[in-house]
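Try each task before you read its solution.

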Amino acid sequence: MARDSSKFNKASSSKARSGYALRLAKKPKNQLDDVYEFSTDSRKLGRRAKIGMDLDRDEDLSGGVPDDEEERSKLRARLIGENEDDEQIDSADDEDLDSDAAFDESDDDQYAGFFKKVLPSKAKAKTNTVRFPEVDLNEDSEDEKMAELSDEEQEEDSDAEESGEDDEFIDVLDVLDGRGDPMDEDDGQPPKRPAPPPAEAASDSDDEEEEEDEDDAITEDDGLAASDEDVDADALDNLHSFVSSLPSAPSRKRKSEAGPSAAEPSQPARKRRVLKETGETGEENEYRPHTTGSKLALDDFLAPLASQPEALQALKDSTKPLKSSKIRTLNAPLPTRAQERLDREAAYEQTKQEVDKWSATMKRIQEAEHLSFPLQAQPEGKTSAIELAAKFQPRTELESSVDRLLKSAKLRDEDIVQTEENMLKGSSLSVEEVAARRAELRRNRELMFRADVKAKRVAKIKSKAYRKIRRREREKVDEEDSDDEGSNLKREVERARERATLRHKNTGKWAKQMNGRAEFDEDGGSRAAIEEMLAKGETLRRKIQGKGSDDESDDSDDGLDDEEIRQRAFDELERLKQDDEDAAANNEGTAKGVWQMKFMTDAMSRKQGEADKEVDDFVKEMNGIEDAAGEAEPSSGVAVTRAGGRAIYRPGTADQPKASSSKALPEASNSIPADGANPWLDPAESTAKVAKKKNEVVISKDSKATDKAKNKLKKKQAKASVGVAKAQDDAVVHIDVNNVLNLASKAPTEAEADDDDNEEVTLQERKLDMKGKGKGKNVAFEQRDLVSRAFAGDNVVQDFQELKQREMELDAPTEIDTTLPGWGSWGGNGTQAPKPKPHLIKKIAGIDATSRKDYGKGHVIISERVDKKAAKYQVRDLPYPYTSKAQFERSLEQPVGKEWNTRMGFQKATMPKVTKKMGTVIDPLNKLF
Amino acid sequence: MDSLIAKADALGKKRKYYAPSAAGPSKKPQSDRTFQSIQKRTSVPKSLQVVTPENAKEYKHIANKKLRTELNKQSAQNSQAKALLEDADLLLTGEAGMMEVEGEMDKTWRVGQSEMAENSGQEAARGRREWKLDGGPYRSRYTRNGRHLAIAGSTGHVATFDWQSGTLHTELQLQETCRDITFLHDESHFAVAQKKYTFIYDRDGVELHCLKAHIEPTRLEFLPYHWLLASVGNAGYLKYQDTSTGQLLTEHRTKLGACTAMTQNIHNAVIHLGHHNGTVTLWTPNLPHPAVQLLAHMGPVSSVSIDPSTGGRYMATAGKDSTVKVWDCRNWKGCVREWTSRGGQAEIEWSQRGALAVAAGGTVNVYTKPSIHTTVHGNTQPPLYMTHPIPQRPLSSVRFAPFHDILTVGHNAGLSSILVPGAGEPNFDSTEADPFENKKARREREVKALLDKIQPDAIMLDPEFVGTLAPPPSAAEDSTIPFARLSRMDRLKVSGKIDDTEMNSSDEEAPQDAESKAARKEEREKRKMRGKGKSMKRYLRKQRKNVIDPRAVAVRAKLEKQKEQKRKEIELRNGGEVRKPSALDRFKRPS
């Protein structure tokens, strides 16, 4: 029953807070915090919270505005969760609002005790309780009045009156309205419960809850005391309760000190402690059961109905919500403005969330370069061939007949696999057949590549022959050097080095090491090294066997001389040719099918021709080498190539730049075809000169330093002697007979040209001649002629300059003095000339001479006047988005039109921002989830 | 080509698209199905996506995101369009070709016409023709597509014909002096400068108009894009007749007497006239005076021609002082090249590919491009490309046939067409001038050309001026103009928001950086709308409505009083005594 007793205590405390005491008790609390101050979230309240502090008109009308804030706040409409999201009705508030407290004396005033069913016990108690002098008499008088007014009621409820407990009775209306709290702990209040000091009530509701435990202890004592108490000892009772309350005071004090400032203001109120009479008078009878310890519960009322279980059950069900301790009185609704604001905020949150779902989409649409409506078109899937085939139904006659055929051949999709398998099963090849087939394939391949193979072989023969000859030559040269000591020594050293490095064997320490490392070496560096080593070993082995490094294994013709090598190559070619012919003869009959077709045969013959040509070339070249080898040393330093009967001389790299230029010269001059038709080529002297000059340049990279130096020196000398030579040359040329003849014949040729000959051609020819022999005198003559012609017009230049001067003056900025002479100045003798008046001088903007476009160009006048008619085609001011002239001009830089762009460029530049099909309805976007 | 390669090389460079997919919001659309559903239809179709080329200019320095995006898009678009154009050059498969010789010793001018005709193809060889005609020196003119030829003999023989098919459109004997002939927009009309007036005939030779305003014309030119027939006559008047409306547009008095040299710059539609005093003048319909006057020769100018291959950059003039000069029309810095032509006054003409024909004396010389454009001082003839003697003097006109390697020379005994390899443009633009156009295409083009007609007042020396920013008025520096009435450019300048990264330092005062910057800042400070933001003023501005508020009135009065007091103080300090304003103050001279 500890819980019960605690409830008791609470009930008693709240009970104690009725009437004046209640108001009094609440005073300090009000000082603590206003209802609106209570709200922690001041942000949400905003300015409107203040407005809520005022009372409604109804409330105003309802008589006295309660003095203390608590009362007023009670009057004000309030909703759970107004200020805080998780606000709950705190128990203290709830307790305060028991039916009685909510409907206290002030209301009685107004409603003339209409709702007062029961006389407050105080009326009765007044007679037999000892009252402290501080108790407001006014209250009592009211009570008295009330008592008088409800006299009849009093009589009717005399039993109740006797019991003196008003709170035990529940107004049914209230219950139905949900206002009254039938299950309120007050109901079960013990009659002799001493009133706790108001200070306790004054403490904060939160504190109260915390205090509960402590209170329990106290009230237990109280309860015990009360149970011991006799009814008739009223005074004693009071005293007892007073005394019993005393020891608990310090603990409460401690409590209040521990709590926030809430308890402190209550301390002055303690002085005026009102110990209200709560005890009961009268005998205990059937109407006033002895209620020690147990509280009157709803079940007690329902007990008489036990005989009717159904009805009882129904009633129990209906009263179930009343039983719940959570059910409290509802607060009054918030003021509409506050309520609306809250609603708006909540609604805003919701809508914001909802709208935010669209934000990415809308941003995309806004920023899109191009929109094509409908935006949410279904992606048109591509129908695959399989899909089409599956759907196919033969409709036309042709289709159905084809289908029938396929069906009969079992080649339709359904049974084609089966058919194929059957066919495969049925076919089996014999060995002969396979062999024949392979042979045919091979033949085909051979046919296809015969020309290629032949070309390859020819190339091989060719290169072999070349190499052999080359090697022979080199050996010849080497032989000359080989007998000297130095080279021998050198070779020995080289060999020793090779052996020393041990890089020619796979068994060496190094090689093993490298092999071990190979697996770690990812980039293959060691592998390369090993390969290098193996290659070296191979070459060494070859050397030991007396072979060249690049010789083929079938090199059996070592002892042969060039002629024989050549002969051998030719033989080989001959053999090749023979083979070829044989093969062709063999294939003559067998070729069939594709090979018989014209384009194939054509292609093959073409390829064959190419290969043959190569052979011919080789043969020719071999002969050519023979000639060249016979005539000129291959090491002459001048590479001579023949192309179409003309020899081209260019410096070539030679192993031995020993070749004397004098030796090369005659060949060069010989090789140039003497062409009489070309006048520039026939004088032998000039060609000789050219050749000489060319030979001087024959210095290759690998020529010796001495050669280079010599060449340089030669060049210098030549340069120095050029001037002298030129002078001499000119002298010689001027006395040239031909030239004299040319000059002499000038007049007649011109005369001739007038008739029909192409004078320009002759002139040009002559000019060319002149150029070859230096500048003639007729240039000077032309100059003089030109000068004389230049002044054919009279004063042209002068006129033009005057014109330009005029123009410049016209365009120059001018100042016009608009002073009227005589105005604003004195006349007569001795007067000073008036000063120039700046405000009368009109300045006309213009362009001064130096900033003109034609400044410094004497032969041209460029008009600087503004083309006013064309000004309309220009833009006056910088258009909006651009922030500089350059940006704007770049926007015009590239023309957009079809005429200046490719089709793609035009389409890209003129792509519309929005495209839609004509006449289609554009549906709003659907939100997809 | 690069773009093609880039497209093919998928693993290569990372491609940047300007589709919003890259730039757009991509925070959480992965889960947003609505977003995904619109993604396809809000992006640029794949085929039209602009691939940003490497060299596209980027505007990273611009803070305004919208503008930056816009400009970047634009520059990408521009450079891609250019790249596409370059790619499209591949499609121009026709090669101009030139005569080339193997050795240095060989000369192209040694090759004669007979040899050329022998060695060229049958079709090309047909260009070599001789029209032996009576009736004095002939002038000729081709249509723009090079298909039709109009000839006019000085004694009145006029004919137009399709020279390729040999069909004669009309042949007239006008019985009076004909000085020039020109086709109008196509072969359906032609104008003849006759003894007294200019006449317009149609294709069949029916006289349509007698332009009596064009008196004693000597030369005619037709501006195809503007539909203007320009003529200049013995009286020295340049007249423009609009052939689409029939109105005489303008007439300019050259004040330089009779003029026999006239040509148009096809690039900017400016008419070039050569005068007897050796000047060449450039005219537009807008200006009553020549835009440019050039003292080209020391004697009368006999012929003028503009190089169409370089966008009208080079002009060649020939004078009766028997010199030929090449000028650079962009800067007019003296002549690029000059040489003496033999045989007195020359007729010159520039071909589509930039071959210059000079007909003087009894020969036609052709010079080719790189050498005639290179600056050479002194009187040196450029290397001759080819030459052809025509004994029938005088050679009165030279015309290259468009899109053909043919030069038609009008002379005393008719006309002769010679082959000039590499003279004509090998690739024709059929929307512009189609040598193979049929009747329907011709009609279409006529209508289209009329619709696309450019207004004559859009003719200027610089054809790209249309749409450009007009130069600021000279009074822009006037600091008295309030901020609100400044132009946008000036406002941007004053508020420091202008993007001056691309201003070339030549026209701005680039040096004295710090100094000028400081000065500009100071000016900006000065020009800022100072005092507008003061709290008192703001208050008063709010009260400026028709409400007479005692407080506002009081405040105003107080301000007035303060002002007055200040003024008085200043006056006291200056003059020592407070001077009453007199009625005569109004006559005080503003200083």
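Chain A contains 41 helices and seven strands. Keep in mind that this is a predicted model.

**Exercise 1.** Find what share of the 929 residues in chain A is buried.

*Solution.* Count a residue as buried if 20 or more other C-beta atoms lie within 10 Å of its own. By that test, 19% of chain A is buried.

**Exercise 2.** Describe the side of chain A that touches chain B, then look for strands that pair across the two chains.

*Solution.* Start with the contacts: 78 residues of chain A meet 82 residues of chain B. Next, ask which elements of chain A contribute; helix 22 (336–367) and helix 37 (759–772) are among those supplying at least two residues each. Helix 40 of chain A gives the most, with nine residues. By type, this side of chain A has 34 nonpolar, 21 polar and 23 charged residues. Finally, strand 6 of chain A runs antiparallel to strand 17 (residues 292–295) of chain B, joined by three bridges. There, A:Val860 is partnered with B:Leu294.

**Exercise 3.** Work out how strand 11 (residues 228–233) of chain B is placed between its neighbours.

*Solution.* First check burial: six of its six residues are buried. B:Leu228, B:Ala230 and B:Val232 point one way, and B:Leu229, B:Ser231 and B:Gly233 the other. Then take the partners. Strand 10 (residues 217–223) of chain B pairs antiparallel with strand 11 over six bridges, and B:Arg219 stands opposite B:Val232. Strand 12 (residues 237–242) of chain B is also antiparallel to strand 11, with five bridges; here B:Leu229 partners B:Gln241. Last, look at the turn between strands 11 and 12 of chain B: three residues separate them, and B:Gly236 has a positive phi of about 85 degrees.

Conventions. Residues numbered from 1 in each chain as written. Chains lettered and ligands numbered in written order. Predicted model: local features only at pLDDT ≥ 70, side-chain atom pairs only at ≥ 80, totals over all residues. Contact = placed C-beta atoms within 7 Å. Helix = DSSP H or I, 4+ residues; strand = E, 2+ residues; numbered from the N terminus. Nonpolar A, V, L, I, M, F, W, Y, C, P; charged D, E, K, R; others polar. Pairing = 2+ DSSP bridges. Buried ≥ 20, exposed ≤ 12 C-beta atoms within 10 Å, placed from the backbone.
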